[in-house]
Structures are given as C-alpha cells and as structure tokens.
Amino acid sequence: MEGDVFSGFGERHNVDGKLLQSFQKSFVDVQDILDQNRLLINEINQNHESKQPDNLGRNVGLIKELNNNIRRVASLYGDLSHSFARSMDASSEGESSGTLKSDGKANQKRFRSG
C-alpha cells in the first residue's frame, strides 16, 4: 500500500527513485514514532488514572520522551518538505531550460514576472 502513494508521482514529475525511497523511509519513520507516541500516551493516561506517586513520577519521563518524539516528527517533516521543494525546483529548472518536442522543435517556456 505504501508504494501506491508514490506510484504515479515519479512518472508525472520526473522524481528519481532515490528521492522516492527517501520519502517512503521518512514516512515509515514518522509512522513508527507516532505509533510509539500512541503507546506512551496510553501509559501516561493509565499512570495518571492510578494516582499512585510512583506512576505519576514516571509520567515526567514519559512526557519528556513524548515531547522529544514530537520534535523528531517535526524535524522529519521539515526535512521532507525541504527535499521536496528542492526536487521540484530542480525539476522546474530542467523544464524551463527548454526541451525538444517529438517534432524536433524546441519548446521554450517563458515566465513573466509580476
């Protein structure tokens, strides 16, 4: 199913396979962290409901771990965004430099400012 997300994307946007593999790996990493966060939140809730001092004290560490995981997810998404923008810029530069149509004539794209 994960491959389905990107199956037509690379063909339409000339994105290389390494970039797609990087995106897929990052999304898998994010999902793993989010799954871990779900378990942490469940444990934090159980500890809170128990109202036992040891469990409440343990929540401090669990909440710190949860916050660190959230930072990691934000960082991964930031890296993904940066990589995607960079690849789209590179793709746009390739398209704007001119291509050769099947009839042999140059296809120049022009951009207007404003």
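The side chain of Asn37 makes a polar contact with the side chain of Asn69 at 2.8 Å, where a polar contact is a pair of N or O atoms within 3.5 Å and, within protein, one atom must be able to donate a hydrogen and the other to accept it, with residues adjacent in sequence counted only if both atoms are side-chain atoms. The model is predicted, so local features need pLDDT of at least 70 and side-chain atom pairs count only at pLDDT 80 or more, while totals for chains, interfaces and linings use all residues. Residues are numbered from 1 along each chain as its sequence is written, and side-chain values use heavy atoms, with hydrogens and water left out.

Not counting residues up to four places away in sequence, Asn37 touches Leu66, Asn69 and Ile70, contact meaning heavy atoms within 4.5 Å. Asn37 lies in helix H3, residues 17–50; helices (H or I, at least four residues) and strands (E, at least two) are DSSP runs, numbered from the N terminus. Just after H3, Lys51 takes a positive phi of about 55 degrees.

The buried residues of H3 include Leu19, Val30, Ile33, Asn37 and Asn47.

| Residue | Relative accessible area | Class |
|---|---|---|
| Asn37 | 7% | buried |
| Phe23 | 4% | buried |
| Phe84 | 33% | partly exposed |

The structure holds 2 aromatic pairs, counted for rings of Phe, Tyr and Trp (its six-membered ring) with centres within 6.5 Å, and classed as stacked when the planes are under 30 degrees apart, edge-to-face when over 60 and tilted for the rest. In one of them, the rings of Phe23 and Phe84 have centres 6.1 Å apart and planes at 40 degrees, so the pair is tilted. Because Phe23 lies in helix H3 and Phe84 in helix H4 (residues 53–96), this pair ties together parts that are 61 residues apart in sequence.

For the protein chain as a whole, the secondary structure comes to 4 helices and 2 strands, following the pattern α-α-α-α-β-β along the sequence. Buried residues make up 23% of its 114 residues. Among contacts between residues at least 6 apart in sequence, 46% join residues at least 24 apart.

Terms used. Buried means under 20% relative accessible area, exposed over 50%, partly exposed in between (1.4 Å probe, protein chains only).
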